[in-house]
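Q: Hi, could you walk me through this one slowly? I am new to reading structures.

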Amino acid sequence: MARKTKKISELLWLFGILFVSLGVCLCNKADLGVSMIAAPSFIVAEALSVVCPFFSVGVTEYVLQGVLLILMCAIMRKFHWIYLTSFIVAVLYGYTINLFLFLFKDVVITAVYLRWLVLLVGIFLIGFGVACFFRTYLPLQVYELFVAEISKRFSLKLSKVKLVFDFSLLALSLILVFTLFGDANSFDWSSIYYHSYHNVGLGTLVITVLNSPVISLCGKVIDKFFVPVPAFNKLCKFLEIKY
């Protein structure tokens, strides 16, 4: 049996931010539709770009995560100060996305098969990043925190809560894209398999279906080689949420 690497929890947290951000960026460059979780930020940022360029994808991302955090507290009927650290992670994640979008801004992928290949790579990077987040004691993004807290609070299976959450955000993305833009009639819907409509497309549906299974698969791979033991036990205790 292979020897597992321990005291890796903090590194997994860093992997979570980097891999999810890079995966979202690759899905965007594939132009087949970003993930249902990232879609609202891309849609709102595009809609606001004409009147308020400051609202980049990254800024819109952490603003929307802030709204989700408030919603979570309302559902949980409680507030814990540690929840605010997840908003800090959302800010860090937002600017990391902006960095990757800037680095890849000149990348154009024309071949359809390459777009789908890049999308699949993006899906697995996102899945790996989310699986890393779920195995660390450090603050999660609000998305992962929402799923984890609702699952614990109501004793629900994590994978099922995640699936419902994903499809809820898919529905929200569709509502936003058809509400904020009035050009649906001008879009060639026969090209949906190789182009997205305001960052929502066939790829978004594929990601929604594959997201939970990919996260589960990546989690099993991580557990096979790593033991997410904290390197800083006192910090771990300090950040622990007590129910």
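Predicted model: local features only at pLDDT ≥ 70, side-chain atom pairs only at ≥ 80, totals over all residues.

A: Residues are numbered from 1 along each chain as its sequence is written, and side-chain values use heavy atoms, with hydrogens and water left out.

Q: OK, at what angle do helix 1 and helix 5 pack?
A: Helix 1 (residues 9–30) and helix 5 (residues 112–133) pack at about 160 degrees, with their axes 7 Å apart; helices here are DSSP runs of H or I with at least four residues, numbered from the N terminus, and axes are lines fitted to C-alpha atoms over the stretch in contact, with angles from 0 to 180 degrees between N-to-C directions.

Q: So are those two roughly parallel or roughly antiparallel?
A: Helix 1 and helix 5 are roughly antiparallel to each other, a term for angles over 145 degrees.

Q: Switching topic, where is Arg77, and is it buried or exposed?
A: Arg77 is found in the loop between helix 3 (57–76) and helix 4 (83–103), and it is exposed, with a relative accessible area of 78%, where exposed means over 50% and buried under 20%, using a 1.4 Å probe and protein chains only. Phi of Arg77 is near 55 degrees, a positive value in a residue other than glycine.

Q: And what about phi of His198?
A: His198 has a positive phi of about 50 degrees although it is not a glycine, and at 14% relative accessibility this residue counts as buried. His198 is found in the loop between helix 7 (158–180) and helix 8 (202–225).

How values were computed
Parallel < 35°, antiparallel > 145°, perpendicular 65-115°, else oblique.
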